[in-house]
Amino acid sequence: MKYIIKIILFTPFLLITLTGCSNNKKDENQIRRFAFAVPSETVPDNSNIKDTELSIQVFKIKEKAFLLIDAPSDYDYSKTLALLKSKGIDNILTSTSPLKRIYKMDQQKEYTSSEGQLINTQTDTKRYVLTLEIVNDKKLRDEYIQVHGIGKAWPEITNNMKQMGIKDMELYLDGYQAYLIMDTRKDFDMAKDGEKWSKLPRESEWQEYVAKFQKVDPQSKATEKWQTMILQK
């Protein structure tokens, strides 16, 4: 009888342990994403590096550079950085750390910057990376983060994205500079589809709502407010 009791008491611990281990397993359909903002001059134009383990994309506009590092799903930042060091390319991340992600379309769970953002891989998509400066005010910045949190997105705005062919969207913040990653259907056209997008339900209301955070003309359309960053090849 005492052996049966021991097994019963031990079983929950075993289940917890196994569950914890499964979180570290590699999933081929997911990646861990790390985003960085660095001065443009620190990144050479040919910094797009792809190998069997990491995908690195560099987007630039004027003095700003935005790096996306996609690693296997079982990586964290320390493991990713160790791999970069082994390849001699960690110098592009000197004195910086992964950015905080403040929004993801259909986000269900939050991850720390050091854990890396767990993302389902996308296929047959087009990627846009856009940037915008927000108002230099801590209270407004905190509110900006809050309104983009899990469960805060207006349903109509999310539905509009999907209707327009937006497959995924993320928003990262570096101080008062916002960076937007948007993966769309292949034939998405920013000018043509952006015009249709602006006329969908509650879009104008949303733009009026977020205008107080943005250091741009509040009368501008969303596609006019955000500056497009160029992928370096």
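The legends below walk through several close-up views of this predicted model.

Residues are numbered from 1 along each chain as its sequence is written. Because the model is predicted, local features need pLDDT of at least 70 and side-chain atom pairs count only at pLDDT 80 or more, while totals for chains, interfaces and linings use all residues; side-chain values use heavy atoms, with hydrogens and water left out.

View 1. Helices (H or I, at least four residues) and strands (E, at least two) are DSSP runs, numbered from the N terminus. Of the 233 residues in the protein chain, 42% are buried, meaning under 20% relative accessible area, with exposed being over 50% and partly exposed in between (1.4 Å probe, protein chains only).

**View 2. Five strands make an open sheet.** Their order is E5-E8-E9-E7-E10, with antiparallel pairing; two strands pair if DSSP finds at least two bridges between them. E5 (100–104) and E10 (227–228) each have a single partner strand, so one side of each is left without a neighbour in the sheet. Further in, E7 (residues 125–133) and E9 (residues 177–185) pair over nine bridges in the antiparallel sense. Look for Leu130, whose bridge partner in E9 is Leu180.

**View 3. The largest nonpolar core has 29 residues.** A nonpolar core is a set of buried Ala, Val, Leu, Ile, Met, Phe, Trp, Tyr and Cys residues joined through side-chain atoms within 4.5 Å. Tyr144, Met169 and Trp197 touch the most other members. Among the elements giving two or more residues to this core are H3 (138–147) and H6 (203–210), and E8 gives the most, with four residues. Beyond its neighbours within four places in sequence, Met169 is in contact with residues including Tyr103, Met161, Leu180 and Trp197. A second, separate core of 18 residues includes Leu54, Ala65, Leu67 and Tyr75.

**View 4. Five aromatic residues form one cluster.** The members are Tyr144, Trp154, Trp206, Tyr209 and Phe213. Rings of Phe, Tyr and Trp (its six-membered ring) pair if their centres lie within 6.5 Å; planes under 30 degrees apart count as stacked, over 60 as edge-to-face and the rest as tilted. The whole structure holds eleven aromatic pairs. In one of them, the rings of Tyr209 and Phe213 have centres 6.4 Å apart and planes at 90°, so this pair is edge-to-face. Tyr209 is partly exposed at 30% relative accessibility, whereas Phe213 is buried at 2%.

**View 5. Two arginines sit over aromatic rings.** The charged end of Arg202 is 4.1 Å from the centre of the Trp154 ring, and that of Arg141 is 5.8 Å from the centre of the Tyr176 ring. A charge sits over a ring if NZ of Lys or CZ of Arg is within 6 Å of the ring centre and within 35 degrees of the ring normal.

Conventions: Contact = heavy atoms within 4.5 Å.
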